[in-house]
Amino acid sequence: MGLVLDAVLEAILPTRCAGCDLPGGLLCDRCANALPRIEHAWACPRCGAPFGYLTCTECWTSEPAFEAGTCAGALGPPLSRAITLYKDSGERRLAPVLGDLLAASLQPWDGWPQAVVAVPASAEAVRRRGFDHTALIAAHVATRLGVPRLDALGCAGARDQRALGRLARAVNVADAFVARPGLVLPPRVLCVDDVMTTGSTLDAAAASLLAAGAERVRVGAIARAW
Ligand SMILES: [Zn+2]
Ligand SMILES: [Zn+2]
């Protein structure tokens with residue numbers, strides 16, 4: 001039934017590439033090859049900002065709670081379009097595509113994480129989108145890495161980050177996350193998000209995970225924005 005329905009839907013409304021909108025696959029080869037990937041060897045070892053291999057000014061000025069961070073690519077087309085389609089237009093079939101991208105960028109850390117935790121979405125955002133888009137990505141990454149995904153963090157009610165400036169973002173997320181009661185975390189935890197901008201959200205999530213018993217936290221996101 002599912003297959004027939006899929007075939008009918010595909011005939012009426014063909015799958016279009018998340019990057020260029022041409023009919024075919026979810027992400028065509030041309031767009032997959034054009035993804036603005038971030039080279040680890042040419043990024044800040046602490047937060048993954050692609051401005052050179054030395055620790056960036058941001059990390060010098062205020063040391064993040066996580067010990068290292070990485071992003072699959074810079075937030076530009078076609079990656080930005082794919083993420084928007086996924087989280088705001090409900091194209092959930094992109095979860096494994098985006099999850100694979102993130103998992104591939106995490107390869108240098110193979111064997112390091114013992115659990116994957118997603119940055120939690122607010123109840124309002126989950127209602128608006130109809131699903132928890134980061135949890136779905138985290139689940140896919142956890143499967144790829146062969147470790148469990150733990151539903152470890154909840155939102156303490158931070159406001160939407162999108163309209164806030166840099167300083168306001170940092171203040172807004174400082175107490176944004178709470179660890180679930182009775183949670184037992186392994187020593188090494190990977191925390192993931194969809195987009196990393198200033199890093200303040202992942203920083204706050206990492207701090208909550210450390211406070212909840214994790215010994216070391218690294219972070220990863222699909223895309224890095226500025
Ligand atoms: Zn394309
Ligand atoms: Zn940095």
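In this predicted model, the donor residues of the zinc ion (ligand 2) follow the sequence spacing C-x2-C-x8-C-x2-C. The protein donors are Cys44, Cys47, Cys56 and Cys59. The angles among the four donor atoms run from 103 to 115°. The site is therefore tetrahedral, as every angle falls between 85 and 135 degrees.

A nonpolar patch was found on the surface. Trp42, Tyr53 and Leu54 make up this patch. Together, the three residues have about 390 Å² of accessible area. Leu54 sits in the loop between α2 (29-34) and α3 (57-61). The relative accessibility of Leu54 is 59%. Leu54 therefore counts as exposed, because the cut-off for that class is over 50%.

The largest nonpolar core holds 31 residues. Within this core, Leu79, Leu98 and Val116 touch the most other members. Several helices and strands each supply at least two residues of the core. The helices are α4 (79-88), α5 (94-105) and α7 (133-145). The strands are β1 (68-74), β2 (115-118), β5 (188-196) and β6 (216-224). The largest share comes from α5, which gives five residues to this core.

Definitions and conventions
Residues are numbered from 1 along each chain as its sequence is written. Chains are lettered from A and ligands numbered from 1 in the order in which they are written. This is a predicted model: local features need pLDDT of at least 70, side-chain atom pairs count only at pLDDT 80 or more; totals for chains, interfaces and linings use all residues. Side-chain values use heavy atoms; hydrogens and water are left out. Patches are made of residues with over 30% relative accessible area and no salt bridge: like charges are joined within 9 Å, nonpolar side chains (Val, Leu, Ile, Met, Phe, Trp, Tyr) within 5 Å. Accessible areas come from the Shrake-Rupley method with a 1.4 Å probe; for residues, only the protein chains shown count as cover. A salt bridge is a side-chain nitrogen of Lys or Arg within 4 Å of a carboxyl oxygen of Asp or Glu. Helices (H or I, at least four residues) and strands (E, at least two) are DSSP runs, numbered from the N terminus. Buried means under 20% relative accessible area, exposed over 50%, partly exposed in between (1.4 Å probe, protein chains only). Donors are N, O and S atoms within 2.8 Å of the metal (3.2 Å for Na, K and Ca); water is not among the atoms, so sites may look incomplete. Four donors count as tetrahedral if all angles lie between 85 and 135 degrees; four count as square planar and six as octahedral if opposite donors are over 155 degrees apart and all others between 65 and 115; anything else is irregular. A nonpolar core is a set of buried Ala, Val, Leu, Ile, Met, Phe, Trp, Tyr and Cys residues joined through side-chain atoms within 4.5 Å.
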